[in-house]
Amino acid sequence: MSSSDSLFLRAATGNITDQVPVWLMRQAGRYLQEYNQVRSRVGTFLDLCFNPDALTEVTIQPVERFSLDAAIIFSDILLVPYAMNMHLDFVDKVGPVFSEPILCGSDIGNLDVDSVTGFLQPVYDGIRCCKRELAVSVPLIGFIGSPFTLACYMLEGSSCSDFMRVKKARYGNPEWFKFLLERVAIAAESHLLAQIDAGVDAVMIFDSWAGILSTHDYLSFSLPFINRIVKSVKVLHPMVPVIIFAKGGGLWLENIASSQCDVVALDWTVDLASAVERLRGFSCALQGNLDPMSLFGTTDEINSELVRIVNAVKGKVPYIFNLGHGVHRLTPVGSVNFVVERVRDLFSRFAI
Ligand code: 1CP
């Protein structure tokens, strides 16, 4: 068997599969005891991201524990701005913090685009290490944040609620806002291509803050920069599937599917059956949709969500099971187990 025969890659390249491939956004992390053990041994979150052996270990942990059909390299979207020379800390109970956010156009000039792949070599070493350790039936996914989502963090400095600085930049100085997006797009693209060169089998672009934009702005300030990156991947690596995830992007599924991407990843706000209808004319696979917070509910409630999902997709569209966003760090591990086993069971029992 070669990795292209894997369940995940068959679905990601547009084939309707008999069994459903399963993986979970943020499948590695603090809800797993074995992750916390490695974290406390290795040091900070950033220490872990730059330690090829340790990041391999935590990448593989959830794959082994839940027999998942794909691994995602343990890393973070914010390593790209970090590699562009922005000081980054992950502060307990706060999250990521850039202590010197971008304040004006002249700060953009200080961003280093050329050294990104040199700085992120440990990530590529980690990818090579994961590829040696993973079974061929388990493909490895590489990823970046979308230029817009990265720019949000670079302007705000940390997680925020009103995105005042982003909106001020966009409406107060759209020219330098676009210039920032261009610089970030170049850096993010080089990191994605380097991950492919190191051996990832598929790539995903996370546009986690897409949903704060108007439709006009999503189509002007986010999707074009993603499209440019997708085009480069397709020119250089036409066989590598590209997944696009826009959180809050349910209004724009057709626009996303019109890029050259292979898989449209859905958050939990989208009605899956309607998404299947809307994307009928496009040759894209679908991924995701289960509300990650449903894992805090009863098994009956989780089960009915899974029945709805399987009913909407089975036999109709190439589909990869996933959540509509990342696994929350307080998620009971038993619920993850239940979801993974139950969705496979339901999928194999439903007649096409
Ligand atoms: O101490 C810790 O363990 C830190 C928690 C943590 C983890 C486990 C962070 C900080 N990042 C990660 C890993 C991570 N981040 C992965 C690993 C692979 C896997 O999925 O198993 C991935 C794919 C990401 C991607 C990521 N980072 C996104 C996009 C997906 C999403 O969740 O929307 C975003 C927005 C980030 C930023 C980030 N990094 C960390 C946190 C807590 C956040 C979110 C902050 C916020 O809510 O604004």
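Tutor: Let us begin with terms: on a 1 Å grid over the protein atoms alone, a cavity is a set of points where a 1.4 Å probe fits but cannot get out, whereas a pocket is an open set with protein on both sides within 12 Å along at least five of seven lines, and lining residues have an atom within 4 Å of a point. This is a predicted model, in which local features need pLDDT of at least 70 and side-chain atom pairs count only at pLDDT 80 or more, while totals for chains, interfaces and linings use all residues. Residues are numbered from 1 along each chain as its sequence is written, and side-chain values use heavy atoms, with hydrogens and water left out.

Student: Which residues line the largest cavity?

Tutor: Rolling a probe the size of a water molecule over the atoms shows where empty space is left. Here the largest cavity is lined by C152, Y153, E156, S158, S159, C160, F163 and W209, and its volume is about 40 Å³, where a volume is the space filled by probe spheres set on grid points that are joined across faces, edges and corners.

Student: What classes of residue make up the lining of the largest cavity?

Tutor: For classes, Ala, Val, Leu, Ile, Met, Phe, Trp, Tyr, Cys and Pro count as nonpolar, Asp, Glu, Lys and Arg as charged, and the others, Gly among them, as polar. The lining of the largest cavity then has five nonpolar, two polar and one charged residues.

Student: How much space lies in the second largest cavity, and which residues line it?

Tutor: The second largest cavity holds about 30 Å³, and its lining consists of A246, G249, G250, L253, I256, A265, L266, D267 and V270. Two or more residues of that lining come from each of α13 (253-257) and β7 (263-266), helices (H or I, at least four residues) and strands (E, at least two) being DSSP runs numbered from the N terminus.

Student: Turning to the open spaces, what is the volume of the largest pocket, and which residues lie nearest its centre?

Tutor: The largest pocket has a volume of about 1700 Å³, and among its 48 lining residues R26, R30, D76, F90 and P96 lie nearest the centre. By class, this lining divides into 25 nonpolar, twelve polar and eleven charged residues.

Student: Where does the ligand sit?

Tutor: A molecule sits in a pocket or cavity if more than half of its atoms lie within 2 Å of its grid points, and by that test the ligand takes up the largest pocket. A residue is near a molecule if one of its heavy atoms lies within 4 Å of it; of the 23 residues around the ligand, Y35, R39, Y153, S159 and S208 come nearest.
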